[in-house]
Amino acid sequence: MADAAVPLERIVGPTTADDDVLRVEHIKKSFGPISALRDVNLHLRKGEVLGLLGDNGAGKSTLIKILSGFQKQDAGTMWLKGQPYAPKSVLDARAHGIDTVYQDLALIDQLTVYNNLFLRRELVKKPIPFLSNREMRKRARAALEETGIDIPRLDVPVARLSGGQRQAIAVARTISGDADVILLDEPLAAMGAKEGALILDLIARLKKEGRVSIIMILHNYVHVFQACDRVSLIQDGVISLDKPTTETSVDELNDIVVEEYRRARLAAQSGNGASAGAGQAGGTPA
Amino acid sequence: MAVADSTPPAEAPPQGPAKGWARRGGALSLGQRFLTLREGSIVVITVIAFVYFAASTNRFLTSGSLKALLPYFAPYAILAAGEVFVMINAEIDLSVGAVYLFTPFIFYKLVVNVGLPLVPAMIGALIVAMLVGLFNGLVVSVVGISSFVTTLGTLFTLSGLTLIISHATQVTTPGTSVVKVGTFAQIFGGGTYSELFWAIGIAIVLQLVLSFTRWGIYTVAVGGNRLGASEAGVRTKVVLTRNFVLCALLAGFVGIMEAVRAATTTPDPSGANVILFQAISAAVIGGTLLQGGSGTVIGAFIGAVFLGILQDGLNLKGVSANYYYFYLGLAILIAMAFNTYVQRVRIGSGRG
């Protein structure tokens, strides 16, 4: 049934460009009987902002977790800056220059703003490795000013902050590191319009600097066209569209997603005959 | 939201107020913040208990009585310090009493049967204690069995093992003698203030570790948000295991010191269980929450002092020992209610 969901001719195969920083081919990942990623091919060019779209459960977050070293793929290969890339852990990925803002933000409620910002890269004194809280607070202030989001106090537990402020801290934590590939899993999810705009401005600025390349999971098409150079659509564990944002439109993306929804409904209605039904639906041009 | 309220668009955030806040934040350092609200309740309760016993019995404030108070709290303060690290991880170690019971017998065997000198034998016994902690930690973090079950298993296994190797008979602790307290015994439990000094020293060092080192930050992180911590790159298994090892090491150390103090090593599992619950009580009364993410060593230390005052005071008043547990129970309930309230105020009403 799953195989029928995305018509074969639409599945994006391995593609590449000369200036790729990251390339993944034939990535597969299952959790027990559920295959989250069936055959994912993706590439990211230097300085590019790639928007990743897809419904809940399509496999977006799984892909991000594999890229960030948090999970391992069952099959498939990845290359980072021309070298084979198989991160052993989150730290290993970070050492390779890939860092992530997770959907759940990975913040520790009980720790202060600056302790969260420096989690796992704490600054310590010598010779006794006590934390240099003052230095961390100073640099945290600078990093947050960079994001333009005002967090009045850095020594309060992050649990006290608003959803948008927490998101901003998670984003600031990642972009203030040395990463040259940044993965953002729904960075605008908990944001108000104003905070969201700040984050988008920040991404635009990073893009202008051209130092980092970004993969960003988004839900809002407007944000995609606002912030991204290229858009990839994940459906049912495969990439079903991969186009520069200048060559596609909200309407096209909408049509594909709606078509997918119809096909899934049809498949559900016709039970085991799903495969045939899906084939027909797929044959009709969107 | 609380975002740059009066500022037009993005670019320049308001410099003045932000700096003012930062300075005020700077004055209130991490350590002070940890020590302010959270221990407030237990300090008050302890002082009240102290004043009450000082006023109602005329023998409480004598130096003899205060000396008698020491063994009632110093061992618990050390045990609770280790337990605090495990409890901040949102785990619990029920095997500390059993390790406390088991380690002095290993010490005895290493001296009497193997023929090691006292200090190497003690180090050997402490290594064995740490191995028990390593086992607990690996089973919890790698195998994924809950710490309650794992350490319950260790508790009974070690208690049984102690009875087996000791043939359920008590022995004279090596390095001690009824006639004269030697240097080894003076330092490790035999001296009047020896355990007090160890308790204070260990509490200070471990509070520093908890508040001002990566070990402490990661301990809070793993207890507060285990998934988030691992996503951020914290090696949660290492953090968990390390804390179980610390907890077992301290339990073994207290076990040896108490055996030295008493000059006899007694295989008494039910006594060891009382020790376990006293240690957990001290940690809980001292503000450590079982759900993890918060707690302090200093709090546990004061909690242990409170237990000591309660026990010694009731003794001197000639109150039946039965009342001790009654008051202890009330104290735990009151302290927990208060701590939960304090935590809610501290973290902010919106969450947790």
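# Close-up views of a predicted two-chain model

View 1. Taken over the chain, the mean pLDDT of chain B is 85, and 86% of its residues reach 70 or more. Two stretches deserve a careful eye. Residues 1-28 of chain B stay under 50, and the model has 36 contacts beyond four places in sequence for them. Residues 30-36 of chain B also stay under 50, here with eleven contacts beyond four places in sequence. Where pLDDT is low, the predicted coordinates should not be read in detail. For the model as a whole, the scores are ipTM 0.84 and pTM 0.86.

**View 2. Chain A has ten helices and ten strands.** Its radius of gyration is 20 Å, close to the 19 Å that the globule rule gives for 286 residues, so chain A is as compact as a globular protein of that length. Along the principal axes, the C-alpha atoms of chain A fill a box of roughly 70 × 40 × 35 Å. Buried residues make up 48% of the 286 residues in this chain. If we take the contacts in chain A with a separation of 6 or more, 67% of them are between residues 24 or more positions apart.

**View 3. Strand E3 (residues 49-53) of chain A is mostly covered.** Five of its five residues are buried. Val49(A), Gly51(A) and Leu53(A) point one way from E3(A), whereas Leu50(A) and Leu52(A) point the other way. In a regular strand the side chains alternate between the two faces of the sheet. Now for the neighbours: E3(A) runs parallel to strand E8 (residues 213-217) of chain A, joined to E8(A) by four bridges. To find this pairing on screen, look for Leu52(A), which stands opposite Ile217(A) in E8(A). E3(A) also runs parallel to strand E9 (residues 230-235) of chain A, again with four bridges. Here Gly51(A) has Val231(A) of E9(A) as its bridge partner.

**View 4. Strand E4 (residues 75-80) of chain A pairs with strand E1 (residues 20-31) of chain A.** Five bridges join E1(A) and E4(A), which run antiparallel. Leu22(A) makes a handy landmark, standing opposite Leu80(A) in E4(A). E4(A) is also antiparallel to strand E5 (residues 83-84) of chain A, with two bridges joining them. In that pairing, Trp79(A) stands opposite Pro84(A) in E5(A). E4(A) and E5(A) form a hairpin with two residues between them, and Lys81(A) in the turn has a positive phi of about 50 degrees.

**View 5. Helix H5 (residues 133-147) of chain A has a buried side and exposed residues on the face turned away from it.** At 1.5 Å a residue, the 15 residues of H5(A) should span 21 Å, and its end C-alpha atoms are 21 Å apart, which agrees. The buried residues are Asn133(A), Met136(A), Arg137(A), Ala140(A), Arg141(A), Leu144(A) and Thr147(A). Seen down the axis of H5(A), these buried residues fall within an arc of 140 degrees, so they line one face of the helix. On the face turned away from this buried side, look for the exposed residues Arg134(A) and Ala142(A). Just after H5(A), Gly148(A) takes a positive phi of about 80 degrees.

**View 6. Loops of chain A hold a cis peptide bond and residues with positive phi.** Most residues other than glycine have a negative phi, and most peptide bonds are trans. The peptide bond from Lys126(A) to Pro127(A) is cis, with omega near 0 degrees. Pro127(A) lies in the loop between helix H4 (113-117) and H5 of chain A. Leu105(A), in the loop between strand E6 (98-101) and H4 of chain A, has a phi near 75 degrees, a positive value in a residue other than glycine. Is Leu105(A) buried or exposed? Leu105(A) is buried, with 25 other C-beta atoms within 10 Å, where the cut-off is 20 or more. Asp236(A) sits in the loop between E9 and strand E10 (238-244) of chain A, and its phi is near 55 degrees, which is also positive. By that cut-off Asp236(A) is buried too, with 24 other C-beta atoms within 10 Å.

Conventions
Residues numbered from 1 in each chain as written. Chains lettered and ligands numbered in written order. Expected span 1.5 Å × (residues − 1). Buried ≥ 20, exposed ≤ 12 C-beta atoms within 10 Å, placed from the backbone. Arc of directions from axis to C-beta. Rg over C-alpha atoms; globule rule 2.2 N^0.38 Å. Contact = placed C-beta atoms within 7 Å. Pairing = 2+ DSSP bridges. pLDDT = per-residue confidence, 0-100.
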